[in-house]
Amino acid sequence: MGLLLKVFIPLLGLAMAFYFYSGTENFSEEMLRGKRVIVTGASSGIGEQMAYHLARMEAHLLLTARTEAKLQKVVKRCLELGAASARYVSGSMEDTTFPEVVVKEAENTWGGLDMLILNHIGHSYFKFFDGDVGHIRKLLETNFLSYVAMATSALPMLKESEGSIVVVSSLAGKIAGPFSAPYSATKFALDGFFSSLRQEFIVDKVNVSITVCILGYINTENAVRAVSHAIRGTPAPKEECAMEIIKSGVLRQRELHYPYRLVGSLLLFQGIAPDFLDSFLRNGYKVENIPR
């Protein structure tokens, strides 16, 4: 079995990588020059790195996050890197009016929008589920409902520009592992809503692409702090991850799987050997380090 896994998992991963990654060789940074882009959750982690990549590509940027001081630093750096323009709106996505405020800022500033990158996330825990339904309700507001609200508000502008919606999700939104039930629930909700919406766009001939990004363990400060004590594995680089998210959105791909081989392999096992996959996932945790 061990030898089989050593051979089979890489092959599965390569197959999935080819399926979802093929076409990115056609990407050119000029595709973003002058484009109007909103990036949420842009004060740190993957969002911050996306902002810097987009700045180097000379895009117009509107960045959002909770912490104004951090956003100011990111905007300053984006302008230094060559952004066509860069501004920010600070606020919390727990505020149900904030998504519309952000979109209205883009409309007032640019008169349109080419790409909406939804990347923000609410604070959750990594432990056994403790029965806190209120936490799930609050997390759904930030991780799911605000995504829906922003996409809905931005849709008229995106229809006009025939633009793109990029939804940064997680492997936890495709495969349910232990110790992250509230977080996983919100990510499954994202996949269900935006995958359904994509189908409606196709039926209704709406030329707005929707890319759902299925990410594994990435070396953002928040992720490493939250799970490094409990996960056996090495996180993938946030800089490369950010670039692949941008590429997948520009090329209007259905999904991005990153890291390619790992995520692709696990998703294939989900279909052909779900019990084995569950066991494999459970063995990847240091259960003794996880609080109850």
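1. Start with two neighbours: strand β1 (residues 36-39) pairs with β4 over three bridges, in the parallel sense. Opposite Leu116 of β4 you'll find Ile38. Keep in mind as you look around that this is a predicted model.

2. What pairs with β4 besides that? Strand β5 (residues 164-168) does, over four bridges and again in the parallel sense. Here Leu116 has Ile165 as its bridge partner. To get from β4 to β5 the chain runs through helix α5 (residues 133-161), giving a right-handed β-α-β crossover.

3. Now look at β4 itself, residues 115-118. Which way do its side chains point? Met115 and Ile117 go one way, Leu116 and Leu118 go the other, and all of them are buried. In a regular strand, side chains alternate between the two faces of the sheet.

4. The largest nonpolar core has 41 residues, and those touching the most other members are Ile38, Leu113, Leu116, Met150, Ile165 and Phe194. Elements giving two or more residues to this core include β4, α5, β5 and α6 (181-203). Helix α5 supplies the largest share, nine residues.

5. Ile38 is worth a click. Leaving out residues up to four places away in sequence, Ile38 touches Leu62, Val102, Val103, Ala106, Trp110, Leu113, Met115, Leu116, Ile117 and Met150.

How values were computed:
Residues are numbered from 1 along each chain as its sequence is written. This is a predicted model: local features need pLDDT of at least 70, side-chain atom pairs count only at pLDDT 80 or more; totals for chains, interfaces and linings use all residues. Side-chain values use heavy atoms; hydrogens and water are left out. Buried means under 20% relative accessible area, exposed over 50%, partly exposed in between (1.4 Å probe, protein chains only). Two strands pair if DSSP finds at least two bridges between them. A crossover is right-handed if, with the strands pointing away from the viewer, the path from the first strand over the helix to the second runs clockwise. A nonpolar core is a set of buried Ala, Val, Leu, Ile, Met, Phe, Trp, Tyr and Cys residues joined through side-chain atoms within 4.5 Å. Contact means heavy atoms within 4.5 Å.
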